[in-house]
Amino acid sequence: MQRIGVFVCWCGSNIAATVDVARVAQTLAKEPGVVYATDYQYMCSEAGQKLIADAIRDYSLTGVVICSCSPRMHEATFRKTAARAGLNPYLVEIANIREQCSWIHKNKEDATEKAVILGRAAIAKVHLNAPLTAGKSPVTKRALVIGGGIAGIQTALDIADAGFEVDIVEKKPTIGGKMAQIDKTFPTLDCAACILTPKMVDVAQNEKINVFAYSEVEKVQGFVGNFTVTIRHKARYVDETKCTGCGLCTEKCPQKKVPNEFNLGMDNRRAIYIPFAQAVPKLATIDADYCTMLKTGKCGVCSKVCSAGAIDYKQQDRLEERQYGAIVAATGFNPISLDAYGEYAYNQSPDVVTSLEFERLMNAAGPTGGTLLRPSDGKHPHTLVFVQCVGSRCDGDGRGKSYCSKICCMYTAKHAMLCREKYPDTEVYVFYIDVRTPGKGFDEFYRRAVEEYGVHYIKGQVGKVVPQDGVLKVQASDLLENRQLHIDADMVILAAAMEPDKSARPLATMLTASMDTNDFFTEAHPKLRPVESPTAGVFLSGACQGPKDIPETVAQAGAAAAKVIGLLAKDSLTCNPCVAKPDELMCNGCSSCEKVCPYGAITYVNKEFRGPNRTTLLRRVASVNPAVCQGCGACTVACPSGAMDLQGFSNRQIMAEVDAICK
């Protein structure tokens, strides 16, 4: 005989404002098997939990239904409460009457009726619930960080400082990411390389960190604490164990006209190259698309001048399989393509550049040695126009992004200040929609640009840029003074929106992680779990989760590292007992469930069964490894014979809920 308790939460006014919680409790008290029902203002509070625990003991409850917010919020809280009171935690059911009821209804009568229905469905399920026991699985005490920008570097250093091994996988030949391309950082205007390169050296020298540069994640299997990752080490055509990074090969290579991606194609490099002077690892890499030896078999100059004998033209991509307990996504960002923004003449004039290209022009290690020169003729520019929000906040135009890229206002102010400081003869105009300065010291930094450096900030948009007679004719509007402006500019700098790196979506597929409509990774909870993915064991660091500046990125990297350390510090993890379980008598051994299982938890075994006349039959049936199964339910859907079921969410339980809703 079931003895079920029902507890209806007000959630302050979140639920009680649109649901008559007292009537819900009174109505559900009349359901078969319910021996106790009550409502309380904050069921998740200490007093609310004590109310539940006392009722479990006083009424000898065999099942509990909590009508409250989403199970993602407090299911673990209420299960722990039940366990403390002596009730199996998997006999607790949550009816979501907040997100799925009160928040989407305005009519109190409708919301109350729906809350009763949801509670009735949960009660029907509790009638069929059975006690479950969680198992244990070991934890591999090594972490994988995917991405070697400042986010990945900081995450790896923090994890390694706690004594755990970390592997960094970076698809480019060196770590450093976008920060390595930046000249100065706001709001302090200190040298980006001076901050970054010591950390890169720390990574290289840390015995707990392995850097797999020029590599990519090929495949991810397993689950939290026990991931198996296949890494593709791309062929450099240079033996990493022999190369000393002397750079002689990069000086002698006859193929000189290869676009330099580190300088965004604004100058050339050789076919064999080291991306920049402080690269980590400092190893040469041969670009197979341009190497004469690899394409025609004629040349070999780099091999002849390499005294270490490191050049290997026959090198192939190599696959390596490694085990990890936790994975951190730190895939970073890229500026959006401006091909669709023809009004700014980006593809028509070399003097129209993006903000990142402008960074390289201002950088002492850039294509012009740090001297600001017009790309078209190498002359010093005197009038510069900065255009804000190019591709950001473009909801509905089909070209850009609906979100604010967050960092553009500040780096534009930085660029404007640096121009005026280094070249006082320049006139600098900034066209903006709004100036957003949310960080510490940011507003003061922006005001310095206006008040101290004399930068002309104009609220308005640039309508068109026309290259004509060696100048850029800028047509714009001044919304505050309600007038049209015509400026003859020497250079136009576009603050291009930032978007997730293109590798983010295929990686999310491999990790079974969630993404939003803009291809940013989705956090498990925006307030309470901002650095965790909904996929257990996968954590988020930096701009892969949303637009961020460097301080915010470093802060999130440290937070992600702390979560990883907390996971790796455990010797074992409690497994989810809600795992798949086959009915061997119904299983026909078709392998459908095995093919769809993303965790490799299902295998097939031959078992003996009693046949007619006591004969022994050998049949092929499914077998589930409960330590590997994560309870996703894919196999239960795929099974054509209905032999596969999910403990805690069996077909009978689901249908009982449906029947309760429909009656």
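A salt bridge is taken here as a side-chain nitrogen of Lys or Arg within 4 Å of a carboxyl oxygen of Asp or Glu. The model is a predicted one, in which local features need pLDDT of at least 70 and side-chain atom pairs count only at pLDDT 80 or more, while totals for chains, interfaces and linings use all residues. Residues are numbered from 1 along each chain as its sequence is written, and side-chain values rest on heavy atoms, with hydrogens and water left out.

Arg 505 counts as partly exposed because its relative accessibility is 40%, where buried means under 20% relative accessible area, exposed over 50% and partly exposed in between (1.4 Å probe, protein chains only).

A salt bridge also connects Asp 490 and Arg 374, at 3.6 Å from N to O. Here the partners are 116 residues apart, Asp 490 lying in the loop between strand 26 (483-489) and strand 27 (491-496), and Arg 374 in the loop between helix 11 (355-362) and strand 21 (383-390). Asp 490 is buried because its relative accessibility is 15%, and Arg 374 is buried at 9%.

Within helix 4 (residues 71-84), Arg 79 and Glu 75 are 4 residues apart, about one turn of the helix, and they form a salt bridge whose closest N and O atoms are 3.6 Å apart.

Technical notes: Helix = DSSP H or I, 4+ residues; strand = E, 2+ residues; numbered from the N terminus.
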